[in-house]
Amino acid sequence: MTTQNAQATSITLRKPDDFHIHFRDGQLLDLTVNHAAERFGRVGVMPNLIPPVITYAEGLEYRSRILNALRDGNTLDPLMIMFLQKTTSVECIKSAAQSPEFLGIKYYPSGVTTNSSSGVSNLKDVYTILEAMEKNGLPLLIHGESPAKNVDVFDREARFLEDQIEPVLKDFPGLKVVMEHISTSQAVDFVNAYEDRIGATITAHHLMYNRNDMLGDGIKPHMYCKPILKRATHQDALRKAATSGKACFFLGTDSAPHGKGQKECSSGCAGCYTSHAAIELYAEVFEQENALDKLEQFASLNGAAFYGIKPNEETITLVKESWTPEAQFTAGDVNIVPLRAGEEILWKIK
Ligand code: NCD
Ligand code: ZN
């Protein structure tokens, strides 16, 4: 349900879902979970905790910690994701596949991003697990970057597509695959080529920014994420894909909080925090692309359809009213600088 005119001042859509989010744990949950709940009906919860969420039981325990963090009046359905290991058991795959509380299994090439050292290096090493996932209908969510340190950081996504993913799609024709946080025109082309069987999430920050914003005029550590922001031609391709209305592209913020000190230092962590304003930021992009009428499809319908779940019944309304987010949030003894800290945002949740 979308209302819009040439210069929309208000837009109502089914409550969106964020199919890729990092909540972390402990003292961060109050902040991260409630920011998400104010905007989203369901979230795909990434498992790269220390230690990672590997088993079905660990996923359920983490889920109850998340639910316990919900403030009065907030609701959210966290959909859990297990961290793919060589030791991932077929029992865990079967349990997760049968459980509406689970979304899939995440493949992080070992060492490719924050807290991923316990990952697998190559999908060829886990073929028996992929077979079980295909058989039981459990989706594989992929951080698609080559982990090889000699591959240029800007080329790691394109290289991953060439090296790792095509053979898996051929060998497991029934496996459902999501390319997470795509960042290049090559990935857009790739997903389009396999649109009937793979999906892709796109973050707000990859739609809003390119590497010039991050590096062109003073280094901006809070824009540093994996996959790293690319040049403007890639950003344009992502903006076209997200606003195309095509079913294979859907919302996943990859909101990933790190303490201010871990971002503003000599070897900063990768990850942008966007949960405080996620759907508002997507609305800005869709408006700039003259595609507000496609926002509901991208944010509330496509992902649900991909995962075979019903769209949310509830709605949210966004109004064209500017506001300025905090310069930083405090969660326990951690300070988090969100994206667009202290800068005007044009859409607001009513
Ligand atoms: C994520 C994190 O901090 O957990 N970082 C990031 O830059 N996106 C991990 C990830 O999704 O790569
Ligand atoms: Zn992520």
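Analyst: A residue is near a molecule if one of its heavy atoms lies within 4 Å of it. This is a predicted model, with local features needing pLDDT of at least 70 and side-chain atom pairs pLDDT 80 or more. Residues are numbered from 1 along each chain, and ligands are numbered from 1 in the order in which they are written.

User: Which residues that surround ligand 1 are the closest?

Analyst: Ligand 1 is surrounded by 15 residues, and the closest are Arg24, Asn48, Thr113, Lys226 and Asp254.

User: What makes the approach of Asp254 to ligand 1 a polar contact?

Analyst: A polar contact is a pair of N or O atoms within 3.5 Å. A polar side-chain atom of Asp254 lies 2.7 Å from a nitrogen atom of ligand 1, so the pair qualifies. His22 places a side-chain N or O atom 3.1 Å from an oxygen atom of the ligand, while Lys226 uses a backbone N or O atom at 2.7 Å.

User: Which protein atoms are donors of the zinc ion (ligand 2)?

Analyst: Donors are N, O and S atoms within 2.8 Å of the metal. His20 (NE2), His22 (NE2) and Asp254 (OD) lie 2.0 Å from the zinc ion.

Note on methods: Heavy atoms only, no water. Polar contact = N/O pair within 3.5 Å; in protein donor to acceptor, adjacent residues only side chain to side chain. Donors = N, O, S within 2.8 Å, 3.2 Å for Na, K, Ca; no water.
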